[in-house]
Amino acid sequence: MSKIRFTEPNREILARRDSIINDLTRLVDPAGLITSTDECRAYETDALTAYRKMPLAVVLPKTTEEVSAVLKYCHDTGVKVVPRGAGTSLAGGAIPSEDAVVLGLSKMNRVLAVNYDDRFIRVEAGVTNLSVTAVVAENGFFYAPDPSSQLACTIGGNIANNSGGAHCLKYGVTTNNLLGVRMVLIDGSIIDLGGDYLDSAGLDLLGLVVGSEGQLGIVTEATLRILKSAEGARPVLFGFPSCEGAGKAVADVIAAGIIPVAIEYMDKAAIEICEAFAKAGYPLDVEALLIVEVEGSDAEMDATLADITAIARANGATTVRESRSAIETAAIWKGRKSAFGATGRVADYLCMDGTVPTGKLSYVLAEISKIVQRHGLRVANVFHAGDGNMHPLILYNANDPSQQSKAEAAGDDILRLCVEVGGCLTGEHGVGIEKRDLMRCQFDDADLVQQIRVRAAFDPRWLLNTDKVFPLDFRCQG
Amino acid sequence: MQTNFSLTALADAHVSESEKILRACVHCGFCTATCPTYLLLADEADSPRGRIYLIKDMLEEEKPATPQVVEHIDRCLTCLSCMTTCPSGVHYMHLVDHARAHIARTYTRPLPDRLLRGMLAKVLPFPGRLRLALRVATVSRPIRKWLANLPGGAQLAAMIELSSSFKRRRPTRRLPGATVDRPRGRVALLSGCAQQVLGQNINEAAIRLLTRHGIEVVQPIDEGCCGALVQHLGYESRALDAARHNVDVWTREIENGGLDAIVVTTSGCGTVIKDYGFLLRNDNAYAQKAARISALARDITEFLHELPLQDGVRTTGQVVAYHSACSMQHGQQVRDQPKSLLRRMGFVVREVPEGHICCGSAGTYNVLQPEIANRLRARKVTNIEKVKPQIIASGNLGCITQIGAGTRIPVVHTVELVDWAMGGPLPDVLEGCLG
């Protein structure tokens, strides 16, 4: 069934399990060391549940110093480490190896400092994305990146994957909203990158760390930019009789230089699923829906909406409906943000995460339908259209092994298509294990070698999140 | 999520139901964020997703529960916050009920734990025994600290500690029903087992409210415990017996006089009665009758909300923090009706920050898991006190007791306040508090 390979576990490490666990008891608080089979089982997978590997042990440190002690020990004794935040990765980024220790940051969930004058907040890496905004909301501030899993996913995981979200069209993704990190390197040394302000001196190592999927070090603290909330915000629903019309409307809005806060796309299958869950009032008589959110003063929102509405109408929009209340706005976003989970009500799914130029959206949507049909499956599309970040959900039956491989094959074809049209393999979910073997579609060997050299400069023994991101046959020692 | 059950395992009705539930879970992890024990302990195995995964493994492999699995399932409050959060519609309550029954069948608990659970199941649902137990608890108060050091003693000490918060309430005998002239409706009001002993004033207020609106109230003399307490302790067959017994009693009332509703003033009981139809679905003699009973079950605030309500007669305007019991907001998804009733009576109702998180009461949880329960109570009281209320209102005796033990602000049942506003007596705990 499973197409994705794992490396053979290191037998010598497996044989040393008892002594490794014994050593770890001296490095972390006993409540933060998990070794029984049953309890380790809870950590054998993330949100890509088709793949599972039991870890050697799990440690849940409470301080940067504990993280440092564990990494130094693992470095000195050659034990692999798989970092984990909330385990919400759709690409298998937190799936362990049998010869690896899972290092979870969930217990590091304190807010360390809030500074409204200089507009930053400093948190430990295990703090969830949404709780950052919750801390500053009472003073009218927010943290911009808002992945759909923001209720549960951690800031550490967001940094590892350079996560985006619906509102990143205007505010940028994690890398544009991160000011600094405290990070532990594999040898246990603790470094600070960036600061409390944008553009710190020296090499932009912070930029390098964002999106590195836990392979350069383990971030334990982050300083994030917080922004003042807009005067007002208003989502509007645009219904279209065709997917192509909706795709074209997105391309035209972007081409016109209009930057709404968010442009989210749902096709008919996704609309039905999300409406059944959230009762948000999505139109059910259309083939595609755009949720466009604008913000600012009333006059500003009216003016922007008039321009967007004209473009939508020109592309055949049949429904245009503004949210009339805070409750309606909340329901509209709840439906969108719960789309993946709500899909679980109708089928199992593989969630793809490719990015394409917005001008190619209509073409790619049509091709995705063909690809999925060719593999005998169905698809629901719900994604961040404004920045071309597509999330086709390939629907299948996980208890049918032949459907599992068909779904994976369809997924690969879709991602290759994204690259062919000038896009890329991953928008915000990371490469993980899921897209590891497709990296050669995106990069030639010279590109990959250079990336691997950088990785090896931080982690010469390839101990951090070893089986992820780079094709298994592509390894070089630093 | 993929499952891997053998065909023989799936032949069992419970297993096949659990398999369906597991298939709906996509392991997205949203539930971890609103789970009280994950918030405190931050271990995947203490989150709904982790527990679901442990249960899946245990049931798939058809293996006896291990001490580790039992520890994590025992820590679950059954607050069902996860079910409100879950976008995939995973019925965690039915899955964890199944797991608890599996644990009861396959795992032998250490002796102190067994004795404690056995005692809770044999005392709490029986008003006479509970009255006696409270007297014993009162005289044991001086030795509670010493008890706490014995095996299983922490739980006994917690029980004694909690019993002291009942002092201000008057223990009375069970209430008769109440008739009215030319009734516009007829309901059965659940007497409740612990509530009969510890909070009779709640049902007294409910009866006054109902009769004031022309509703005849019956309280069948042979009605028993709803079964929630024993069910959550894992005594599945006793829970089913309790359900069957009450289905019979209420069916008799339906057939002799008719019932418009079975009204419940303890939301923990309401959640289970509304689930009788599911619990007895495989019992041919009872499935249909039980479904009818479940369909008639209403929380008192749901029922009142549907009536043409009289106006209040007293000067209100007091600031009330409404604490929604988990069984109310998550178990029954009753959210707005209690607040809307209080507002209608002129109270200033404030929402409590982090209102979706459990106070730690959770049936017998505050006795069985005192350490976590106390942390949750402290967190809840801090959040409630942030909104500076004069009164705390809730729709579940367990929460009233739990929160009451942690704050000086008086805690009353929603219907006591509504009844007072409509001319009923001032609840005892509010005497001298309303200035």
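The model is predicted. Chain A is assigned domain 1 (1-229), domain 2 (233-340) and domain 3 (347-420), while chain B is divided into domain 1 (7-106), domain 2 (111-166), domain 3 (185-305) and domain 4 (319-430).

**Contact between the chains**

- On the chain B side, 27 residues are in contact with 30 residues of chain A.
- The side of chain B that touches chain A consists of 14 nonpolar, ten polar and three charged residues.

**Domains 2 and 3 of chain A**

- The centres of domain 2 and domain 3 of chain A, taken over C-alpha atoms, are separated by 21 Å.
- Their contact involves 20 residues from domain 2 of chain A and 16 residues from domain 3 of chain A.
- On the domain 2 side, at least two residues each come from helix 9 (243-255), strand 13 (262-267), helix 10 (268-278) and helix 13 (339-343) of chain A.
- Helix 9 of chain A gives the most to that side, with seven residues.
- By class, the side of domain 2 of chain A that touches domain 3 of chain A has 15 nonpolar residues, one polar residue and four charged residues.

**Domains 2 and 4 of chain B**

- Between the centres of domain 2 and domain 4 of chain B, taken over C-alpha atoms, there are 24 Å.
- Seven residues of domain 2 of chain B and eight residues of domain 4 of chain B take part in the contact.
- Helix 11 (residues 153-163) of chain B gives the most to the domain 2 side, with five residues.
- The side of domain 2 of chain B that touches domain 4 of chain B has five nonpolar and two polar residues, and no charged residues.

**Helix 14 against helix 15 in chain A**

- Helix 14 (residues 361-374) and helix 15 (residues 401-420) of chain A pack with their axes 9 Å apart, at an angle of about 155°.
- Angles over 145 degrees count as roughly antiparallel, and helix 14 and helix 15 of chain A are therefore roughly antiparallel to each other.
- The crossing of helix 14 of chain A past helix 15 of chain A is right-handed.
- From helix 14 of chain A, the residues A:Val364, A:Glu367, A:Ile368, A:Ile371 and A:Val372 meet A:Ala410, A:Asp413, A:Ile414, A:Leu417 and A:Cys418 of helix 15 of chain A.
- The residues of this contact comprise eight nonpolar, no polar and two charged.

**A four-stranded sheet in chain A**

- Chain A has an open sheet of four strands in the order 1-2-4-3, with mixed pairing.
- Strand 1 (33-34) and strand 3 (80-84) of chain A each have a single partner strand and stand at the edges, so one side of each is left without a neighbour in the sheet.
- Strand 2 (residues 57-59) and strand 4 (residues 100-104) of chain A run parallel and are joined by three bridges.
- Within strand 4 of chain A, A:Val101 stands opposite A:Ala57.
- Helix 4 (residues 64-77) of chain A lies across strand 2, strand 3 and strand 4 of chain A, and runs at about 165° to strand 4 of chain A.

Key
Residues numbered from 1 in each chain as written. Chains lettered and ligands numbered in written order. Predicted model: local features only at pLDDT ≥ 70, side-chain atom pairs only at ≥ 80, totals over all residues. Domains from an automatic or database assignment. Contact = placed C-beta atoms within 7 Å. Nonpolar A, V, L, I, M, F, W, Y, C, P; charged D, E, K, R; others polar. Axes fitted to C-alpha atoms, helices over the stretch in contact; angles between N-to-C directions. Parallel < 35°, antiparallel > 145°, perpendicular 65-115°, else oblique. Left-handed = near helix turned anticlockwise from the far one by under 90°. Pairing = 2+ DSSP bridges.
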